[in-house]
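Colleague: I am new to this structure and would be grateful for a close look at one part of it. Could you take me through its sheet and then inward to the charged side chains?

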Amino acid sequence: QVHLGESGGGLVQAGDSLRLSCAVSEDIFKKYHLGWLRQAPGKEREFIGRISKWDGTATYTDSLKGRFTIYGDSVESIMYLQMDNLKPEDTALYYCAATTIDWANPDYRGQGTQVTVSS
């Protein structure tokens with residue numbers, strides 16, 4: 001059973017925008033905090049941000065505030081990651097995840113979608 005599935009990755013140029021989608025099973029959407037992680041080649045996995053299961057508010061890692069926006073559609077059970085003014089250093093495999101508390105070891109994680117930003 002697939003609980004989380006990402007889509008929307010691709011090859012873009014620096015300065016472009018891209019929106020990733022994460023289809024979430026309805027049960028997971030209601031019970032867990034949902035968020036996005038990324039991992040660039042040769043680097044550790046990085047937490048991007050999350051939306052709260054309680055009220056849908058979003059929080060972000062400081063370095064990405066202002067360029068990345070996370071929001072959810074509870075009717076469709078989809079979470080989005082809007083990325084603006086993309087930079088080559090944003091190149092990574094992007095994952096959506098669900099957890100009760102620990103983003104380092106989320107309860108559920110998708111397979112990832114690749115985003116490549118050319119200079």
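**From the sheet to a charged network**

Modeller: C22 stands opposite M79 in strand 8. Strands (E, at least two residues) and helices (H or I, at least four) are DSSP runs, numbered from the N terminus. This is a predicted model, in which local features need pLDDT of at least 70 and side-chain atom pairs count only at pLDDT 80 or more, while totals for chains, interfaces and linings use all residues. Residues are numbered from 1 along each chain as its sequence is written, and side-chain values use heavy atoms, with hydrogens and water left out.

Strand 3 (residues 18–24) pairs with strand 8 (residues 78–83) in the antiparallel sense, over six bridges; two strands count as paired if DSSP finds at least two bridges between them. Both belong to an open sheet of four strands, with the order 1-3-8-7 and antiparallel pairing. Its edges are strand 1 (4–7) and strand 7 (68–73), each of which pairs on one side only. From one strand to the next, the twist averages 20°, where axes are lines fitted to C-alpha atoms (for helices, over the stretch in contact) and angles run from 0 to 180 degrees between N-to-C directions.

The largest nonpolar core has 28 residues, and W36, L81, M83 and Y94 have the most contacts inside it. Such a core is a set of buried Ala, Val, Leu, Ile, Met, Phe, Trp, Tyr and Cys residues joined through side-chain atoms within 4.5 Å. Among the elements that give two or more residues to this core are strand 3, strand 7 and strand 8, as well as helix 1 (26–31) and strand 4 (33–39). Leaving out residues up to four places away in sequence, L81 touches L18, R19, L20, W36, I48, F68, T69, I70 and Y94; contact means heavy atoms within 4.5 Å.

Strand 4 also holds R38. This residue is buried, with a relative accessible area of 8%; buried means under 20%, exposed over 50% and partly exposed in between (1.4 Å probe, protein chains only). Beyond its neighbours within four places in sequence, the contacts of R38 include E46, I48, F68, D90 and Y94.

Side chains of opposite charge can pair when their charged atoms come close. A salt bridge here is a side-chain nitrogen of Lys or Arg within 4 Å of a carboxyl oxygen of Asp or Glu, and by this rule the count comes to six. One of them joins R38 to E46 (2.7 Å, N to O); E46 is partly exposed, with a relative accessible area of 27%.

D90 in turn forms a salt bridge with R67, their closest N and O atoms being 2.8 Å apart. D90 lies in the loop between strand 8 and strand 9 (92–99) and R67 in the loop between strand 6 (58–60) and strand 7, so the pair ties together parts that are 23 residues apart in sequence. D90 and R67 are both buried. Taken together, R38, E46, R67 and D90 are linked in a network of salt bridges.
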